[in-house]
Amino acid sequence: KISKVADFIDTTIDSNKYLLSEELLIKRFQVLDIQTAESTNTMCFTKAYSRFIEGTGSVFCDMPNIELQAKLKEIDELGENSLELKKSLKLRFMSPTEIARLMSFPENFKFPQSLSDKQKFKLLGNSVNVLVISALINPLCS
């Protein structure tokens, strides 16, 4: 079964905490990998997630894909005058919990409370998908 990003989203978080800054929207919008709840894939998350934008992982938009595509077209047409429209997308980084879910960590997996989100992103970015690794190792154990 192919899962959708919606299956991994944490609805209990304060999504405002992970919103992309206005500066990022101005300077780096064109390189964002934007995913919605309907998406079935994300970019690979690296240890630089949230510090660098290009090639470090996907960002999330909590609106239907068809609505996002219409707004992206409008943003493209507006060019440099599209900041308010970009902000209306409410693009955000995924939380460490969401990334751990995407990488098939068990639901009961918890980081020590002393770690910052930046430290959690570094650890997850250096990790592997638990489900994939278990599928590779399982035949060796049989």
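Predicted model: local features only at pLDDT ≥ 70, side-chain atom pairs only at ≥ 80, totals over all residues.
Student: What makes the contact of lysine 27 with glutamate 23 a salt bridge?

Tutor: The closest N and O atoms of lysine 27 and glutamate 23 are 3.3 Å apart. A salt bridge requires a side-chain nitrogen of Lys or Arg within 4 Å of a carboxyl oxygen of Asp or Glu, so this pair qualifies. Side chains of opposite charge can pair when their charged atoms come close. The structure holds eight salt bridges.

Student: Why are lysine 27 and glutamate 23 said to be separated by about one helical turn?

Tutor: The reason is that lysine 27 and glutamate 23 are four residues apart in helix α1, which covers residues 22-28. Helices here are DSSP runs of H or I with at least four residues, strands are runs of E with at least two, and both are numbered from the N terminus. By these rules the protein has six helices and three strands, in the order α-β-β-α-α-β-α-α-α from the N terminus on.

Student: Why is glutamate 84 called exposed, and why is lysine 87 called partly exposed?

Tutor: Glutamate 84 has 55% relative accessibility, which lies over the limit for exposed. Lysine 87 has 35%, so this residue falls in the range in between and counts as partly exposed. The two side chains meet in a salt bridge of 3.4 Å, N to O, and both residues lie in helix α3 (residues 83-88), three residues apart.

Student: How do you know that aspartate 117 and lysine 120 form a salt bridge?

Tutor: Their N to O distance is 4.0 Å, and this value meets the limit in the definition, so the pair counts. Aspartate 117 and lysine 120 both lie in helix α5 (residues 117-125), about one turn of the helix apart. Aspartate 117 is called buried because its relative accessibility is 16%, and lysine 120 is called buried because its value is 17%. Salt bridges also link Lys17 with Asp117 and Lys120 in a network.

Student: Why is the aromatic pair of phenylalanine 45 and tyrosine 49 called edge-to-face?

Tutor: A pair of aromatic rings is described by the distance of the centres and the angle of the planes. Rings of Phe, Tyr and Trp (its six-membered ring) pair if their centres lie within 6.5 Å; planes under 30 degrees apart count as stacked, over 60 as edge-to-face and the rest as tilted. The structure holds five aromatic pairs. In the pair of phenylalanine 45 and tyrosine 49, the centres are 5.0 Å apart and the planes stand at 85°, so the label edge-to-face applies. Phenylalanine 45 and tyrosine 49 are both buried, and ring pairs join Phe45, Tyr49, Phe93 and Phe121 into a cluster.

Student: What makes threonine 56 a buried residue?

Tutor: The relative accessible area of threonine 56 is 6%, so this residue is buried. Threonine 56 has its place in the loop between β1 (34-36) and β2 (59-61). A polar atom of its side chain lies 2.8 Å from the backbone oxygen of phenylalanine 52.

Student: How do you know that the span of helix α2 is close to what is expected?

Tutor: The expected span is 1.5 Å times one less than the number of residues. Helix α2 (residues 65-78) has 14 residues, for which 20 Å is expected, and the helix reaches 20 Å from its first C-alpha to its last. After α2 comes glycine 79, with a positive phi near 65°.

Student: Why is leucine 140 called exposed, and why is isoleucine 137 called partly exposed?

Tutor: Leucine 140 has a relative accessible area of 74%, and therefore counts as exposed. Isoleucine 137 stands at 41%, and so counts as partly exposed. Isoleucine 137 is found in helix α6 (residues 130-141), which is also the place of leucine 140.

How values were computed
Residues numbered from 1 in each chain as written. Heavy atoms only, no water. Buried < 20%, exposed > 50% of the residue type's maximum accessible area, 1.4 Å probe, protein only. Polar contact = N/O pair within 3.5 Å; in protein donor to acceptor, adjacent residues only side chain to side chain.
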